[in-house]
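Dear colleague,

Please find below the structure I am handing over to you, followed by an account of what was found in it.

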Amino acid sequence: MRLSIEMSMSAVGKELGEPDSNLWRVFNEYVTKAIATQINLKDTRRIGVDETASKRGHNYVTIFTDLDTGDVIKVEEGRKKEVFEKLYGWLFDKEGHPKNIDLFSMDMSVSYKAGCRENFAHSEIVFDRFHIKKVVNEAVDKVRKAEVKHCDNLKKTKYLWLKNEQNLNEQQKEKLHEFLSESSLETTLAYKMKVEFDNFWKVQPKAVEPMLQTWMQRVLSTNITAMNNLIKTIKNNYSGIIKSMKTGINNAAAEGLNSIVQMAKSRARGFRNMDNFRNMIYVLGNDFNFKFHTK
């Protein structure tokens, strides 16, 4: 089990002289027992929701994480609203209760929102800051793509506008500042609006809503199509965005979870079924105590 966490199962097989199919069978048997006996959700109150593909373009899984402990509490195949129904029953199985769940931190997926509302109507939905900023970045990039058709200087500048300035090298910063001095570019204006938006997580909670309302009006006044569409998205998800800004609650565990998923893909390289991938996520996302048979 220790080796399977540190290297791919095929590599473990070569190390031990065993077919990896045999090792996967043993691995899944122990992990299944650990999931059955060591996951307890009686104290779970806040849940993060994220999705990932087990392979490029195929086989999505939804990962539910306890935001307070960072533990992976449920891995469910698919990314439709039905995964929340599965979580609802899982809570009862694990000594928890759906009514105990105060909030979900997740992206703005229509299916996730529907599943949450149908099964956890009492729970607050707080949209994850990472996913909110992703939507804003996508809007800025659409502005750049539209404008680059008649502005050659914008070619190959995508990441100037998407990265935080502190993550740019000196040459990139200099180029960005040159652009920012050119106020006639819509891309420049959209970028400035993006920077203002990023700062809303830093202001006092009482100031968030009036500042956001003012910002939305300014964005609409620019009459930039992609930015206008962004405002529509914000309005459609307004409550969850405001709660994210006011509370500072985010799916921070998902940042670590992303590395867990990447490790799972590496460790489960060549996996033959979804169980291998799902169980590897459970192992990497929990501190299971495995009890092994000894002679």
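In helix H9, the buried residues are Thr187, Thr188, Ala190, Tyr191, Met193, Lys194, Phe197 and Asp198. Please note that this is a predicted model. The cover over the buried residues of H9 includes helices H6 (129-147), H7 (158-162), H8 (170-180), H10 (205-222), H11 (225-236) and H12 (238-247).

The axes of H4 (residues 82-93) and H5 (residues 110-119) come within 7 Å and cross at roughly 35°, and the crossing is right-handed. Val83, Phe84, Glu85 and Tyr88 of H4 meet Tyr112, Gly115, Cys116 and Asn119 of H5. By class, this contact has five nonpolar, two polar and one charged residues.

Turning to the rings, the structure holds 14 aromatic pairs. One of them is Phe104 with Phe120, an edge-to-face pair at 4.9 Å centre to centre and 65° between the planes. Phe104 lies in strand E4 (residues 103-106) and Phe120 in the loop between H5 and strand E5 (124-127), so this pair ties together parts that are 16 residues apart in sequence. Phe104 has a relative accessible area of 0% and Phe120 one of 1%; under the 20% cut-off, both therefore count as buried. Ring pairs also link Phe64, Phe84, Tyr88, Phe92, Phe104, Tyr112 and Phe120 into a cluster.

Yours sincerely

Notes: Residues are numbered from 1 along each chain as its sequence is written. This is a predicted model: local features need pLDDT of at least 70, side-chain atom pairs count only at pLDDT 80 or more; totals for chains, interfaces and linings use all residues. Side-chain values use heavy atoms; hydrogens and water are left out. Axes are lines fitted to C-alpha atoms, for helices over the stretch in contact, and angles run from 0 to 180 degrees between N-to-C directions. Helices (H or I, at least four residues) and strands (E, at least two) are DSSP runs, numbered from the N terminus. A crossing is left-handed if the near helix is turned anticlockwise from the far one by less than a right angle, and right-handed if clockwise. Contact means heavy atoms within 4.5 Å. Ala, Val, Leu, Ile, Met, Phe, Trp, Tyr, Cys and Pro count as nonpolar, Asp, Glu, Lys and Arg as charged, and the others, Gly among them, as polar. Buried means under 20% relative accessible area, exposed over 50%, partly exposed in between (1.4 Å probe, protein chains only). Rings of Phe, Tyr and Trp (its six-membered ring) pair if their centres lie within 6.5 Å; planes under 30 degrees apart count as stacked, over 60 as edge-to-face and the rest as tilted.
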